[in-house]
Amino acid sequence: MKRICISIALLFFIITMSGNSYSKNRLPVIEGLYLGQKPPGLIPELFAPSIIKKGFRAAGAAFTPDLKEFYFRRRGGEYKNNTLVVIQYKGNQWIESVVPPRAGQPFISPDGNILYLGNMYRERNHSGWSVVKSLDAPFKDFPIMRLTTSSKGTYYFDEATKLGNIRYSRLIDGKREAPRSISKEINTGKWTAHPFIALDESYIIWDSERDGGYGDSDLHISFRQQDGSWGTAINLGDKINTKFQDQYGSVTPDGKYFFFHRSYGNRGDKADIYWVDAQVIENLRPE
């Protein structure tokens, strides 16, 4: 009996560390992309609250390119710590699972083969995701919260410092260049963080506290200029930004919707995921 108990414990450990999902939960029958939700207009709406809102925080949304996997983080209630969750479309059914063991801020590479988690990552394989790996130096030495990539393979990431700082690193002839700070137009204000780079690098979205904002962290956008520089930082406006922390903006792989989350409550201990038609970005693009 003792040997059997040890074997069961060992099996559980292997499953937990293998990177595959567990604690699967079959959701009510839902049809269609985006968890079967009715698309929003130009006013942000809560995303699938009856499905993803468990505990106190739902934050950090990320879709795979085929839109059949939705990753986010939960915390609160039965989720004592930040927990990475995935809802996958399999066999005409959306199925929810927990993804152990690391719960960093998720971002899926444009080809769908890498799950970035700050300065860590996992590679897709025949059984799901690989074990968690560390980015090579110097990236592993940066206190990265969110790392996103363009279709060119350029990294854009932040640093968890007092004021925050956004850097980038291009992939040149198969080699990664040393990270550089992005323009002062972007790295201005307090707690500049959580960048999202467009696939074609035509714009970048991030959040920070700045003079003239709507309260706490606001979401901003800067468009690439013809000379390659970054344009003036544009606040995304009062339909998206509020007196609370509006953060972690991203555009879905099909370019149709803009996702972000809003933190509120005592020290931002509560959060909800919102989505809105990505036309709100195009409405800000300079002519």
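Two strands are taken to pair if DSSP finds at least two bridges between them, and strands themselves are DSSP runs (E, at least two residues), numbered from the N terminus. By that criterion, strand β14 (residues 165-169) and β17 are joined by two bridges and run antiparallel. This is a predicted model, in which local features need pLDDT of at least 70 and side-chain atom pairs count only at pLDDT 80 or more, while totals for chains, interfaces and linings use all residues. Residues are numbered from 1 along each chain as its sequence is written, and side-chain values use heavy atoms, with hydrogens and water left out.

**The open sheet**
- Four strands form an open sheet in the order β12-β13-β14-β17, with antiparallel pairing.
- Because β12 (147-149) and β17 (180-181) each have a single partner strand, they stand at the edges, and one side of each is left without a neighbour in the sheet.

- All six residues of strand β20 (residues 218-223) are buried, that is, under 20% relative accessible area with a 1.4 Å probe and protein chains only.
- Both faces of β20 are covered, with D218, H220 and S222 on one side and L219, I221 and F223 on the other.
- Strand β19 (residues 203-209) is joined to β20 by six antiparallel bridges, and Y203 has F223 as its bridge partner.
- Two bridges join β20 to strand β21 (residues 234-235), also antiparallel, and here H220 stands opposite N235.

**Residue Q247**
- Q247 lies in strand β22 (residues 245-251) and counts as buried because its relative accessibility is 5%.
- Leaving aside neighbours within four places in sequence, Q247 is in contact (heavy atoms within 4.5 Å) with residues including W191, D207, L219 and F260.

Technical notes: Buried means under 20% relative accessible area, exposed over 50%, partly exposed in between (1.4 Å probe, protein chains only).
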